[in-house]
Amino acid sequence: PTLFEEARDGGMHLLVAIEAVDLEVVPPTVGRTAYRIVQEALTNARKHAPDTLVQVRVSGWPGEALEISVSNHLPLGPVPTVPTSGLGLVGLQERAELAGGTLRHRIEHGSFVLEGALPWST
């Protein structure tokens, strides 16, 4: 919740849905990985698609997986050029895989979509 509050305080337009998950019982390693995925997605949206609505969905259950989805429309006009290393998503994908999960991104219907799943053992 603090991450979302900070993003909103910074001017981001967010629509957040936490579905069927109690964030207090997510294992610490899964929680840290999920936090980092969402944090990077919000940073990328702020840099590459400012002033667009960012939709975040987190769902999952113990014994299954914690699922994360972050999407935003691609900007219609010019976007300020920002320096980038281009390795943020690659690093996150590696981090998710090391945790036994997956992380994928794509462009779909004019939106950038990032989806991940992390195993949530009981």
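I count two strands as paired if DSSP finds at least two bridges between them, and I take helices (H or I, at least four residues) and strands (E, at least two) as DSSP runs, numbered from the N terminus.

**Entry 1: the model.** I am working with a predicted model, in which local features need pLDDT of at least 70 and side-chain atom pairs count only at pLDDT 80 or more, while totals for chains, interfaces and linings use all residues. Residues are numbered from 1 along each chain as its sequence is written, and side-chain values use heavy atoms, with hydrogens and water left out.

**Entry 2: strands.** I looked up the hairpin of β2 and β3 and found four residues between the strands, with G63 taking a positive phi near 85°. Strands β2 and β3 (residues 65–73) run antiparallel and are joined by seven bridges, and in this pairing V56 stands opposite V70 of β3. On β1 (residues 13–19) I noted a parallel pairing with β2 (residues 53–60), again over seven bridges, in which L15 has Q55 of β2 as its bridge partner. Between β1 and β2 the chain passes through helix α2 (residues 28–48), and I recorded this β-α-β crossover as left-handed; the right-handed case would be a path from the first strand over the helix to the second that runs clockwise, with the strands pointing away from the viewer.

**Entry 3: the largest pocket.** Grid points are joined across faces, edges and corners, and a volume is the space filled by probe spheres set on the points. The largest pocket holds about 370 Å³ of space, and of its 17 lining residues P1, L23, G31, A34 and Y35 are the closest to its centre. Helix α2 gives the most to this lining, with six residues.

**Entry 4: the largest cavity.** I found one cavity of 30 Å³ or more, and about 40 Å³ of space lies in the largest cavity. Its lining consists of A41, N44, V70, S71, N72, L89, F112 and L114, and β3 supplies the largest share, three residues. I sorted this lining into five nonpolar, three polar and no charged residues, counting Ala, Val, Leu, Ile, Met, Phe, Trp, Tyr, Cys and Pro as nonpolar, Asp, Glu, Lys and Arg as charged, and the others, Gly among them, as polar.

Note on methods
1 Å grid on protein atoms, 1.4 Å probe; cavity = no way out; pocket = protein on both sides within 12 Å on 5 of 7 lines; lining within 4 Å.
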